[in-house]
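Thanks for asking me to look this one over. Please have the model open beside you as you read.

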Amino acid sequence: MRIAIILGIFLLVIVVLLSNFTRLVGGISKHKATSNLEAYLYKKYKDEVKYKWLERFFNSGNMDPNIFSVLIYNTKNPEIEFYCHLNLKNILEDDTLSMTGLEKNG
């Protein structure tokens, strides 16, 4: 009985860690990332661009739980798509972000 209780607690801890791991290390939820992205795209591009999907991009190279992979497309010509990685936690405050990463400031 004691082993079953310890095993149950251990499994519960693992489930909590796996489901909310990014929140534990300072990441934002996917819902909040979606609302930040929609607000940013509307603010910058009105109805010219939209996004198709949004997935968390977390690997050992970047170690940032707020980076998301996004597929952005042109609403008038949906064949024009752009795949990028964005920090969606700071996207509304950091107004210097470019979608290509090639634009120079100033």
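Here are my notes, point by point.

1. Confidence first, as this is a predicted model. The protein has a mean pLDDT of 77, with 73% of its residues at 70 or more. Helix H1 (residues 2-24) has the lowest confidence, with a mean of 73, while strand S2 (residues 67-74) has the highest, at 90.

2. Please take care with residues 100-106, where the pLDDT is below 50. Beyond near neighbours in sequence, that stretch makes 3 contacts in the model. Where pLDDT is low, the predicted coordinates should not be read in detail.

3. Just after H2, Lys46 has a positive phi of about 50°.

4. Which residues of H2 are buried? They are Ala33, Thr34, Asn36, Leu37, Tyr40 and Leu41. Viewed down the axis of H2, the buried residues fall within an arc of 165°, so they line one face of the helix. In general, an α-helix has 3.6 residues a turn, so residues three or four places apart point the same way.

5. What do the buried residues of H2 pack against? Their partners are strand S1 (49-56), S2 and strand S3 (81-87).

6. Finally, the strand pairing. S2 and S3 run antiparallel and are joined by 7 bridges, and a hairpin connects S2 to S3 through 6 residues. For a landmark, find Tyr73, which stands opposite Glu81 in S3.

Key: Residues numbered from 1 in each chain as written. Predicted model: local features only at pLDDT ≥ 70, side-chain atom pairs only at ≥ 80, totals over all residues. Heavy atoms only, no water. pLDDT = per-residue confidence, 0-100. Helix = DSSP H or I, 4+ residues; strand = E, 2+ residues; numbered from the N terminus. Contact = heavy atoms within 4.5 Å. Buried < 20%, exposed > 50% of the residue type's maximum accessible area, 1.4 Å probe, protein only. Arc of directions from axis to C-beta. Pairing = 2+ DSSP bridges.
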